[in-house]
Amino acid sequence: MSCTIEILRSGIATSFQDKGREHVQYLGIVESGAADLDNYNLCNSILQNNNNETTIEFAYQGPKFLVKNNKCKIVVTGLVNFTITRNNHSVIQGDCYKTYLLEAGDVVDIISVINSVYGYLGFEGGIAVKKYFASTSTNSKSGIGQNEGRKIKNKDQFLLNISVPTNKHYKLEQIPQKNSNKKIRVLEGPQLDYFSNQGIDHFFHSEFLISNTTDKMGMRLVGKKIEHVKSANIKSEGIVKGSIQVPADGQPIVLLTDHQTIGGYPKIAVVISADYNNLIQKPAGSHIVFKKVNLREAEISFQLKQASLKAMIE
């Protein structure tokens, strides 16, 4: 019999996530998937899972859950404060990037993230979740995913894919550190000529505040107004993750993992892949600045980032 997990407290924005849906944006379906793919990938790598196994993603506060029967093995990744209360009532302060064997009656309380936004909870063997458009990822705004696309809520129960966890335990010797760098590197956007020279200068040389009106779909920034010299609208066209649109009010919006599939605002820049996870982990109230790089620099930065992550798990 597979292990059953019961959610005692759902936390904030807690949902099932894998790497997302590929090749469906032309249908009007967003790719979605884990917001911070680095921590998602580390979660599965530490557990020796396949690289697209379903995890639980949470923002700010994670779930509190009970192991109802059997045993399971977990890992938590990100900058996260959590505890494990054993069935004998002893309490352990959890360490991220380290596996734990849980038994029936054990309770895990993911209390909060630490100066970040997203964390990940993984189970060895993964979670038994139905796929929609070849992915288990939940997009609550579109209603796509398990349980009619809603987020995980109190009293939900789910099964794991395996009933007997292995006896091996793993942890990262080199733990990822919080990136406190305010600098976010970007490529020039396809509508750079829609903005005045002063507007472009403001964008690349001013500081922006991440506003409270930020979610997994988009990050609204507050700063000096980015002036248009052409229309503040364009014919709607395809959007990619990390695109930075500037509507008529001159305040940039960074499109994030659950972005819409098309958009009609001019795009001044696009966040490079190597810096995207750093950006999405910055909580509201953080300040950022943008630095323009060329495509070659962006490619090299991505390759170096991937090599660094690979070195952590080898």
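Colleague: What volume does the largest pocket have?
Modeller: About 630 Å³ for the largest pocket, and bear in mind that this is a predicted model.

Colleague: Which residues lie nearest its centre?
Modeller: Those are D38, Q177, N179, N278 and K305, out of 28 residues that line the largest pocket.

Colleague: And which elements give two or more residues to that lining?
Modeller: Two or more residues each come from α1 (37–46), β12 (183–188), α4 (273–280) and α5 (295–313). The largest share belongs to α5, with six residues.

Colleague: How does the lining of the largest pocket divide into nonpolar, polar and charged?
Modeller: There are nine nonpolar, 11 polar and eight charged residues in the lining of the largest pocket.

Colleague: Nice. What about the second largest pocket, what volume does that one have?
Modeller: The second largest pocket comes to about 460 Å³. Its lining has 28 residues, and A13, Y118, K151, D215 and K216 lie nearest the centre. At least two lining residues are supplied by β2 (15–17), and at least two by β3 (55–59).

Colleague: How many charged residues does that lining have?
Modeller: Seven are charged in the lining of the second largest pocket, alongside 13 nonpolar and eight polar residues.

Colleague: Switching to the sheet: in what order do the six strands come?
Modeller: The order is β7-β6-β9-β4-β1-β11, in an open sheet with antiparallel pairing. At the edges stand β7 (91–93) and β11 (157–159); each has a single partner strand, so one side of each has no neighbour in the sheet. From one strand to the next, the twist averages 25 degrees.

Colleague: How many bridges are there between β6 and β9?
Modeller: Six bridges, in the antiparallel sense, pair β6 (residues 80–85) with β9 (residues 107–113). To pick out one of the partners, V80 is bridged to V113 in β9.

Colleague: New topic. Where is H228, and is it buried or exposed?
Modeller: H228 is in the loop between β14 (218–222) and β15 (237–238). Its relative accessibility is 16%, so H228 counts as buried.

Colleague: What is H228 in contact with, leaving aside its neighbours within four places in sequence?
Modeller: With those neighbours left aside, H228 is in contact with Y194, F195, S196, V246, P247, A248 and P266. Take S196, which belongs to the loop between β12 and α3 (197–205). S196 is buried too, with a relative accessible area of 8%. Apart from its own neighbours within four places in sequence, S196 is in contact with E227, H228 and V229.

Colleague: One more thing: which way does the phi of A134 go, positive or negative?
Modeller: A134 has a positive phi, about 65 degrees, although it is not a glycine. Most residues other than glycine have a negative phi. You'll find A134 in the loop between β10 (118–123) and α2 (146–149), and at 61% relative accessibility A134 counts as exposed.

Colleague: And what about K155?
Modeller: K155 has a positive phi as well, about 75 degrees, and is not a glycine either. K155 is in the loop between α2 and β11 and counts as exposed, at 70% relative accessibility.

Methods
Residues are numbered from 1 along each chain as its sequence is written. This is a predicted model: local features need pLDDT of at least 70, side-chain atom pairs count only at pLDDT 80 or more; totals for chains, interfaces and linings use all residues. Side-chain values use heavy atoms; hydrogens and water are left out. On a 1 Å grid over the protein atoms alone, a cavity is a set of points where a 1.4 Å probe fits but cannot get out, and a pocket is an open set with protein on both sides within 12 Å along at least five of seven lines; lining residues have an atom within 4 Å of a point. Grid points are joined across faces, edges and corners, and a volume is the space filled by probe spheres set on the points. Helices (H or I, at least four residues) and strands (E, at least two) are DSSP runs, numbered from the N terminus. Ala, Val, Leu, Ile, Met, Phe, Trp, Tyr, Cys and Pro count as nonpolar, Asp, Glu, Lys and Arg as charged, and the others, Gly among them, as polar. Two strands pair if DSSP finds at least two bridges between them. Axes are lines fitted to C-alpha atoms, for helices over the stretch in contact, and angles run from 0 to 180 degrees between N-to-C directions. Buried means under 20% relative accessible area, exposed over 50%, partly exposed in between (1.4 Å probe, protein chains only). Contact means heavy atoms within 4.5 Å.
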